[in-house]
Amino acid sequence: MKKNELKKDNYNIRNILGLQRKNNNEFYTPKEPIIELIKILKIPKNKVIWCPFDTEKSEFVKVLKENGYKVIFSHIDNGKDFYEYEPNEKWDLIISNPPFSQKRLLIERCESFNKPFCLLYGATIFSQSMGNTLNRCQFLFIQRNIKFTTKTDEVKSFQCAWLFNKGFPWIK
Ligand SMILES: C[S@@+](CC[C@H](N)C(=O)[O-])C[C@H]1O[C@@H](n2cnc3c(N)ncnc32)[C@H](O)[C@@H]1O
């Protein structure tokens, strides 16, 4: 079986098991770490950023737009499942806080586009079974806890890191 066929099968199994949606995926990012990230990365303003786990209410979408970037956003609630959907418009890189379930599969899906990606993950990613996936990534640790809000407006605070694919072009 070819590598791509295997990945497609993984996505299908994932859908059959109903793993695409989990309530513990609903953690909304505050704007501060996104503002800091933009200052660190210095991504050229002509780059188009795809936020695949976001609606117009997302701070990723708002902050990136406020900083002059063209942003494409999509979300499973709008029928745009990241494992099946890719925007028709030209896009250059992915930035977002993805669902925390199925991390390995999600990173493999990001890698399949052969474009830069930058994902916000809780530090628990380092204690999870990720195979060789993390060896293909680099990290930027955030030196304080991030306070996420949930669907019920609770605040959940935990340590996080930005995960980039190796060779992400705008890391100094
Ligand atoms: C951790 S939350 C982060 C939301 C937003 N990116 C933010 O930072 O505020 C991840 C979001 O991805 C959505 N999601 C889950 N599975 C998805 C999929 N397969 N495709 C697109 N969005 C998905 C969830 O419903 C959830 O709203």
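Two strands count as paired if DSSP finds at least two bridges between them. This is a predicted model. In it, Cys51 stands opposite Phe73 in β2, and the strands β1 (residues 48-51) and β2 (residues 70-73) are joined by four bridges and run parallel. The points below set out the sheet around these strands, then the helices.

**The sheet as a whole**

- Strands of a sheet pair through backbone hydrogen bonds, in either a parallel or an antiparallel manner.
- Six strands form an open sheet here, in the order β2-β1-β3-β4-β6-β5, and the pairing is mixed.
- The edge strands of this sheet are β2 and β5 (137-149), each of which pairs on one side only.
- On average, neighbouring strands of the sheet are turned by 30 degrees against each other, with direction ignored.

**Pairings within the sheet**

- Besides its four bridges to β2, strand β1 pairs with strand β3 (residues 93-96) in the parallel sense, over two bridges.
- Within the pairing of β1 with β3, Trp50 has Ile94 in β3 as its bridge partner.
- Strand β4 (residues 117-122) and strand β6 (residues 155-165) run antiparallel and are joined by five bridges.
- Opposite Tyr121 stands Ala161, a residue of β6.

**Helix α3 and the strands**

- A right-handed β-α-β unit is made by β1, α3 and β2.
- Helix α3 lies across β1, β2 and β3, and runs at about 165 degrees to β2.

**Packing of helices α2 and α3**

- Two packed helices are described by the angle between their axes and by the distance between those axes.
- For helix α2 (residues 31-41) and helix α3 (residues 59-66), the packing angle is about 40 degrees and the axes are 9 Å apart.
- On the α2 side, Lys31, Ile34 and Ile35 meet Glu59, Phe60 and Val63 of α3.
- Sorted by class, this contact of α2 with α3 comprises four nonpolar residues, two charged residues and no polar ones.

Definitions and conventions
Residues are numbered from 1 along each chain as its sequence is written. This is a predicted model: local features need pLDDT of at least 70, side-chain atom pairs count only at pLDDT 80 or more; totals for chains, interfaces and linings use all residues. Axes are lines fitted to C-alpha atoms, for helices over the stretch in contact, and angles run from 0 to 180 degrees between N-to-C directions. Two residues are in contact if their C-beta atoms, placed from the backbone, lie within 7 Å. Ala, Val, Leu, Ile, Met, Phe, Trp, Tyr, Cys and Pro count as nonpolar, Asp, Glu, Lys and Arg as charged, and the others, Gly among them, as polar. A crossover is right-handed if, with the strands pointing away from the viewer, the path from the first strand over the helix to the second runs clockwise.
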